Amino acid sequence: MQFKNFNRLAFLGVFSLLLFSGCGNQGSKEGANGALNSSAAEKVYVAPGEKDDYYAFLSGGYSGNLTVYGLPSGRMFKEIPVFSQFPTSGYGYSEETKPLLNTSHGFIPWDDLHHPDISQTNGELDGRWVFVNGNNTPRIARVSLATFETEEIIEIPNSAGNHSSSFITENTEYVVAGTRFSVPVPQRDMPINEYKGNFKGALTFIGVEPEHGHMEIKFQVIMPGFNYDLSHPGRGKSHGWFFFSTYNTEEASSLLEVNASQNDKDFIAAINWKKIEEYIANGGGKMVPAEYAHNVYDESTHMATSTMIDEVLTVDPTEIPGAVYLLPTPKSPHGCDVDPSGQYIIGSGKLSADITVHSFDKMIAAIENEKFDGDAYGIPILNFEEVLAGTVKSGGLGPLHTEFDSDGNAYTTFFISSEVVKWKLGSWEVVDRKPTFYSVGHLMIPGGNSRKPFGNYLVAMNKITKDRYLPTGPEMEHSAQIYDISGEKMELIYDFPTHGEPHYAAGCPAELLAPKSRKIYRLDENKHPYAAIGPEGAKVERNGKEVHVYMSTIRSHFTPDNIEGIKVGDKVYFHITNLEQDFDVPHGFSMIGQNTSEILVMPGQTKTTVWEPKKPGVWPFYCTDFCSALHQEMQGYVRVSPA
Ligand code: CUK
Ligand code: CUA
């Protein structure tokens, strides 16, 4: 179903379509078969033992985690735990990783992970880290692309719903957060209906230290009480700017009223962060109290530590001339995307048929010539016509997100009409469209969020699965689809299920990551304070009611394996060191009656799990990972005496 002759009547139908999450192609015969032909099979087939061309990191939405897939095969390689506890490896259960999930609200072992973005140098993917956001309890995490492990999580104060995240500037100077909900800043007990003027939207610029990637909040721009949806950095000519889409510019506390969209246009907020840096260098900005956690994993000790910070530097945009402008953008923009040249800023009005494209050059000229339509919020509002580059008459309905190839084409997803539309930057003409199955949200082209996209494949991530796979009861996994975009026309070549809800993905050429993917942790670099380096390091130490077991593992035994002298009421810390130095030889450890999870210890690593025995007896433990022919012999006993 296509909306070729989209008219006003169709537009009135938007709200009912939204309510019933309409999927244009649902149930269509052509849809069920897709447009597949036999050459599609060849395009995605990666023979046994062969490797994929790209890594794809798909967000897991409400799973809280990030999943790693291969393209074009759609094979899932790994789930990387980030915001959720993960019993498979003991992440969030082991003593070493628990501090990563600490926040100012306490230990929060879950979040809603939306947008991965890979670090860049000179606007190109450098494959060092992938940054992801926690949308619920606002956080940003940094995942190492050498170890594929979460190394750092920083909480974002003065925010609620870190949705416009975690996009990065083209030299990874900053990773940026934006608050979906405006909230009282500072937080306080106050009537909700006094929202207007009191609720603020913090846009947070987090500096990334270039060597190790450590994050530090540099400043927060305290904006009017809008909802901040998505963001994108300027690049090339627009490097130094950051763009945020907004809705609810009515500043209403209940969005029911706003759904009638009183304001025909909301804004894309353009932030000149270089200007703000100057302002701060000249003594501008104000430190305000704000409590937030900063959690860092240390690779040499294999341990994370959590620090609580109690203040943050804020700046008021109405006091910094030239730092912030508002670009009117129709119909509650969702996606806010910048093309590889940095010239075009695309605002997708999610209640619209058209895609609005702003011009960076025109924006600069409009600023110089003061083409303003007032400053209702104390921030100059640029005249719409003066910044408009063009409008894509898409013929679709409900544009959400746009990515780019290397040939000047843009690809936009349409949720309501359930399709991907390909169009040309500059001429705004639509050149192709293909249905998605069903109701697509984000899409991803490897490097499509950088100055150098790799334009062979496009992955569409769909919100509704329905009949695409064998039914698995009421709950179906989400569905992603791979399109070959190397030709003029897009071709659907594969469907694969995802894990959780993929809101976005970041893709990267395999050759950039695979060669530097870590194989082991070096035992001679292990600085864990409780490591048992070799069986001779193994021992049991008592400190009051705390017992520390320094335990080593190697195929296929634990040292020590018979432990006596433990009493009911003790707190027993098992510190397990894996002495192996071969690729892919983990050992696991699990203790009967343990109320945490097993832990999986990689070669050269030390991990700790706690056991609090409740009953006298002789209790067994064993290795959970089939590590050798004698894996089943890898076991031990703990004798527990009455208190
Ligand atoms: S949002 Cu999910 S479809 Cu969080 Cu990027 Cu648009
Ligand atoms: Cu070690 Cu099984």
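This is a predicted model: local features need pLDDT of at least 70, side-chain atom pairs count only at pLDDT 80 or more; totals for chains, interfaces and linings use all residues.

Biologist: In what order do the strands of the open sheet of 5 strands with mixed pairing stand?

Modeller: Strands here are DSSP runs of E with at least two residues, and helices are runs of H or I with at least four, both numbered from the N terminus. Two strands pair if DSSP finds at least two bridges between them. With mixed pairing, the open sheet of 5 strands has the order β37-β43-β42-β39-β40.

Biologist: Which strands stand at the edges of this sheet?

Modeller: Each edge strand has a single partner strand, so one side of it is left without a neighbour in the sheet; the two are β37 (562-567) and β40 (599-601).

Biologist: Over how many bridges do β42 and β43 pair?

Modeller: Strand β42 covers residues 617-622 and strand β43 covers residues 635-641. Proline 620 stands opposite tyrosine 637 in β43. The pairing is antiparallel and runs over 6 bridges.

Biologist: Why does the radius of gyration of the protein agree with a compact globule?

Modeller: The radius of gyration is taken over C-alpha atoms, and the globule rule is 2.2 Å times the number of residues to the power 0.38. The C-alpha atoms fill a box of roughly 80 × 65 × 40 Å along the principal axes. For 643 residues the rule gives a value near 26 Å, and the protein agrees because it has 26 Å.

Biologist: What share of the residues of the protein counts as buried?

Modeller: A residue is buried if 20 or more other C-beta atoms lie within 10 Å of its own, exposed if 12 or fewer, and partly exposed in between, with C-beta atoms placed from the backbone. The secondary structure comes to 9 helices and 43 strands. Of the 643 residues, the buried share is 52%.

Biologist: Which element gives the most to the side of domain 1 that touches domain 2?

Modeller: Domain bounds come from an automatic or database domain assignment, which divides the protein into domain 1 (1-80 + 394-518), domain 2 (99-119 + 130-318 + 358-390) and domain 3 (523-641). The contact, where C-beta atoms placed from the backbone lie within 7 Å, takes 23 residues from domain 1 and 22 residues from domain 2. Elements giving two or more residues to the domain 1 side are β1 (54-59), β2 (66-71), β3 (76-80) and β33 (505-509). With 3 residues, the one that gives the most is β33.

Biologist: How many residues of strand β35 are buried?

Modeller: Strand β35 (residues 546-554) pairs with strand β38 (residues 571-578) in the parallel sense over 8 bridges. Strand β34 (residues 539-543) pairs with β35 in the antiparallel sense over 5 bridges, and so does strand β36 (residues 557-559), over 3 bridges. β35 is mostly covered, and the count of buried residues among its 9 is 7.

Biologist: Which residue takes a positive phi in the hairpin of β34 and β35?

Modeller: Between these strands, valine 540 stands opposite valine 549 in β35. The hairpin has 2 residues between the strands. The phi is near 65 degrees, and the residue is glycine 544.

Biologist: Is valine 82 buried or exposed?

Modeller: Valine 82 is found in the loop between β3 and β4 (102-103). Leaving out residues up to four places away in sequence, valine 82 touches Gly64, Asn65, Leu66, Leu113, Val132, Ala141, Val143 and Thr150. Because valine 82 has 30 C-beta neighbours inside 10 Å, it counts as buried.

Methods: Residues are numbered from 1 along each chain as its sequence is written. Chains are lettered from A and ligands numbered from 1 in the order in which they are written. Two residues are in contact if their C-beta atoms, placed from the backbone, lie within 7 Å.
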